[in-house]
Amino acid sequence: MAQHGTYGDLVDAPNETLSVEYKSWLDLSENPEARADLARHICAIANHGGGVIVFGFNDDLTVAGPTPFPNAVVNRDTIAGIVKKYLEPTIHCDVMNVTSSSGNTHPIIIVLCTAARQSARNRMGRLSTEK
């Protein structure tokens, strides 16, 4: 059953803004580059004043289909670990799964607004240049 309201609208009528970002599926289980990339996006949204990251969409905002990474769990613990490793000061994020009216389930990271500006730790730069 589709969830209505703000979060349901995010998956049924995708529209990217400064506080709403759409991502394809990322392998967050064993891919440090993907984890660092997600941390950068969380940092940007936190510095903007908070917002959400919605998984399961292509760059053109079409549905990306089911996740090709069944072992990559997007939950509060996974995101908290990424934030703790890559961001200073750490921030609180919540995660919820929202089912679209067409039956697709999309994890949504809710990045809460914080008063302190976020900065990416140096580890991210090294990760983004490693091949």
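Mentor: One term before we start: buried means under 20% relative accessible area, exposed means over 50%, and partly exposed is in between. Keep in mind, too, that this is a predicted model.

Trainee: Got it. So is Leu61 buried, exposed or partly exposed?
Mentor: Leu61 has a relative accessible area of 24%, so it counts as partly exposed.

Trainee: And where is Leu61 placed?
Mentor: Leu61 is in the loop between strand S2 (51-55) and helix H3 (76-86). Its backbone deserves a look as well: phi of Leu61 is near 70 degrees, a positive value in a residue other than glycine.

Trainee: Let's zoom out. How many helices and strands does the chain have?
Mentor: The chain has 4 helices and 6 strands. Along the sequence they follow the pattern α-β-α-β-α-β-β-β-β-α.

Trainee: What is the strand order in the open sheet?
Mentor: The order is S1-S2-S5-S4, an open sheet of 4 strands with mixed pairing. S1 and S4 are the edge strands, each pairing on one side only. On average, neighbouring strands of this sheet are turned by 20 degrees against each other, direction ignored.

Trainee: Which helices pack on that sheet?
Mentor: H2 does, touching S1, S2, S4 and S5, and its direction makes about 150 degrees with that of S2. H3 packs on the sheet too, where it touches S4 and S5. The direction of H3 makes about 140 degrees with that of S4.

Trainee: Back to S2 then. In which sense does S2 pair with S1?
Mentor: Strand S1 (residues 20-23) and S2 pair in the parallel sense, over 4 bridges. You can find Tyr22 opposite Val54 in S2, and Lys23 opposite Phe55 in S2.

Trainee: Why is S2 described as largely enclosed by the rest of the structure?
Mentor: Because 5 of the 5 residues of S2 are buried. Gly51, Ile53 and Phe55 point one way from the strand, while Val52 and Val54 point the other way, and all are buried.

Trainee: New topic: cysteines. How many disulfides are there?
Mentor: The structure holds 0 disulfides.

Trainee: Are Cys43 and Cys93 buried or exposed?
Mentor: Cys43 counts as buried because its relative accessibility is 10%. Cys93 is at 6%, so it counts as buried as well.

Trainee: Last one, some overall numbers. How much of the chain counts as buried?
Mentor: Of its 131 residues, 40% count as buried. The accessible surface comes to about 7,100 Å², and 50% of that belongs to carbon and sulfur atoms. As for contacts between residues at least 6 apart in sequence, 70% join residues at least 24 apart.

Notes. Residues are numbered from 1 along each chain as its sequence is written. This is a predicted model: local features need pLDDT of at least 70, side-chain atom pairs count only at pLDDT 80 or more; totals for chains, interfaces and linings use all residues. Side-chain values use heavy atoms; hydrogens and water are left out. A disulfide is a pair of cysteine sulfur atoms within 2.5 Å. Buried means under 20% relative accessible area, exposed over 50%, partly exposed in between (1.4 Å probe, protein chains only). Helices (H or I, at least four residues) and strands (E, at least two) are DSSP runs, numbered from the N terminus. Two strands pair if DSSP finds at least two bridges between them. Contact means heavy atoms within 4.5 Å. Accessible areas come from the Shrake-Rupley method with a 1.4 Å probe; for residues, only the protein chains shown count as cover. Axes are lines fitted to C-alpha atoms, for helices over the stretch in contact, and angles run from 0 to 180 degrees between N-to-C directions.
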